[in-house]
Amino acid sequence: MEERGIRYRKRKILDNTAHIVVDTPGSAGFESWKPVLEKTREVAEKNGGAATPVVGGDAMASSATNTAGVLVRGVDIDTIGSVIKLLDNIEIGSFDYLVDPDKLLHLPETEIVGRGPGGEPYFKGPTFEMPSDVSPELRDALPKKEVLPGVVLGRELAKSLHVMVGDELTLLSPMGELGPMGIMPRARKFRVAAIFYSGMYEYDASHAYVRLDVAQRFFDMESAISRIDIRVPEPEKVAAVRPAVDAAVAAINQQKAGVAGYEPLRGRDWVEMNKNLFSALALEKIATFVILSIAIAVASFCIICTLLLMVTEKTKEIAVLKSLGASDGGVMGIFMLEGILIGAFGTVLGVVTALAFCLGLSWTGVRLDPDVYYIDRLPVNVDLVDYGLVALAAFSICSIATIYPAFTASRIK
């Protein structure tokens with residue numbers, strides 16, 4: 001179960017983030033990124049992958065009823081789907097509404113714009129239309145909906161802001177303009193185009209995606225971007241692709257070495273960027289195995305106590321056997337065999353019970369509270385290798401536990 005949980009979290013991270021990132025150590029981004037994109041995309045496509053430019057930054061999202069901090073990602077609508085699974089994760093709305101925000105003003109009545117606490121769908125419903133006999137002056141005086149740029153929100157973020165597809169919200173950027181009262185944050189209105197669900201709470205509660213050009217204007221980056229995201233077909237073999245990306249980045253850095261104010265680019269892969277997280281998960285697996293082994297060792301004391309009690313009760317019988325010619329090794333083997341049979345019976349019973357229980361859970365997984373944990377469901381995987389290791393460790397510990405009582409029995413005169 002622990003191993004499956006690690007693989008599940010790793011897969012979710014790799015589905016929603018780039019496998020290799022080319023960026024600068026600073027936060028201002030970099031200009032003249034198209035040659036860099038061409039070189040890195042050539043390397044990625046040669047290895048069966050893809051690349052896309054991204055603009056990123058922190059912002060504050062404000063709706064009519066609530067506010068929340070968000071990580072805004074400006075994405076290229078033509079290539080983002082080949083790098084992360086954003087399009088596959090959209091559950092409400094459509095990515096086309098981000099491409100063409102004008103469609104958000106003409107949603108069909110049967111369009112699902114949100115879901116309730118129990119998962120029940122909320123539909124757009126009929127649109128109010130002015131009667132035909134209303135005067136043109138009155139019709140022109142009524143406020144009209146403005147075409148606003150679209151934004152794709154995570155499910156938990158949309159729930160926190162209490163917004164649905166078609167609703168308006170305001171994003172405030174900390175990189176504002178200098179005014180009489182100091183730096184004033186830049187605010188811009190957006191319209192919710194879609195809601196995605198990735199299965200990772202930290203992504204669903206914080207990420208918002210907009211068009212690349214919209215993000216550049218919002219963060220006042222002009223034509224610069226924050227980074228280039230690269231995806232490879234086999235993330236576990238990213239080390240084989242990383243040298244080619246580093247070579248392309250190094251060649252560009254060498255060309256721009258004499259340019260004033262140029263900040264060298266760098267390449268990082270997902271292993272490097274998530275090193276602390278995966279190290280913690282690996283340590284968690286080791287710690288779980290150690291704790292389980294200690295629990296089995298404690299349980300083995302029951303075998304020791306049972307055999308010692310039996311030796312005390314069978315002192316006369318042991319003396320008779322020795323009088324008939326039984327050797328010390330023979331008496332020791334009898335009691336070791338009895339202890340091994342007890343340990344083997346307990347090991348088989350425990351492993352079979354756990355196997356049946358986990359097979360039942362593997363069909364549905366274990367539900368978790370996404371407000372507390374990274375994921376909403378803990379997957380259960382029946383790995384026969386892990387079961388074999390646990391059974392072998394339990395049987396070995398129980399067999400070792402029989403040595404002392406059997407040796408005590410063999411020493412009786």
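**Entry 1: a serine.** I began with Ser226 and asked for its accessibility. Ser226 comes out at 16% relative accessibility, so I log it as buried, the cut-off being under 20%. A reminder to myself: this is a predicted model.

Where does Ser226 sit? I found Ser226 in the loop between α8 (212–218) and β11 (227–231).

What does its side chain reach? I traced the side chain of Ser226 to the backbone nitrogen of Gly56, at 2.9 Å. I then listed what Ser226 touches, skipping residues up to four places away in sequence. Gly56 turns up there again, together with Val54 and Val55.

Entry 2: I checked backbone angles next. Asp220 is in the loop between α8 and β11, and I read a positive phi of about 55 degrees there, although Asp220 is not a glycine. Glu222 lies in the loop between α8 and β11 too. For Glu222 I also noted a positive phi of about 55 degrees, and Glu222 is not a glycine either.

Is Glu222 buried or exposed? Its relative accessible area is 63%, so Glu222 goes down as exposed, the cut-off being over 50%.

**Entry 3: into the helix.** I stepped back into α8, where Arg217 lies. Arg217 has 47% relative accessibility, so I put it down as partly exposed. Leaving aside neighbours within four places in sequence, I see Arg217 in contact with Arg186 and Arg188.

**Entry 4: a helix pair.** I moved on to α13 (residues 328–362) and α15 (residues 403–410). These two helices pack at an angle of about 145 degrees, and their axes are 8 Å apart. I logged the crossing of α13 past α15 as right-handed. Which residues make the contact? From α13 I wrote down Asp328, Val331, Met332, Phe335 and Met336, and from α15 Ile403, Ala406, Phe407, Ala409 and Ser410. Sorted by type, the residues of this contact are eight nonpolar, one polar and one charged.

**Entry 5: whole chain.** Last, the totals. I get 15 helices and 14 strands for the protein chain. How many of its residues count as buried? The figure I have is 39% of 413 residues. Taking contacts with a separation of 6 or more, I find that residues 24 or more positions apart account for 72% of them. The chain exposes about 22700 Å², and carbon and sulfur atoms supply 62% of that area.

Terms used. Residues numbered from 1 in each chain as written. Predicted model: local features only at pLDDT ≥ 70, side-chain atom pairs only at ≥ 80, totals over all residues. Heavy atoms only, no water. Axes fitted to C-alpha atoms, helices over the stretch in contact; angles between N-to-C directions. Helix = DSSP H or I, 4+ residues; strand = E, 2+ residues; numbered from the N terminus. Left-handed = near helix turned anticlockwise from the far one by under 90°. Contact = heavy atoms within 4.5 Å. Nonpolar A, V, L, I, M, F, W, Y, C, P; charged D, E, K, R; others polar. Buried < 20%, exposed > 50% of the residue type's maximum accessible area, 1.4 Å probe, protein only. Polar contact = N/O pair within 3.5 Å; in protein donor to acceptor, adjacent residues only side chain to side chain. Areas by Shrake-Rupley, 256 points an atom, 1.4 Å probe, with all protein chains shown as cover.
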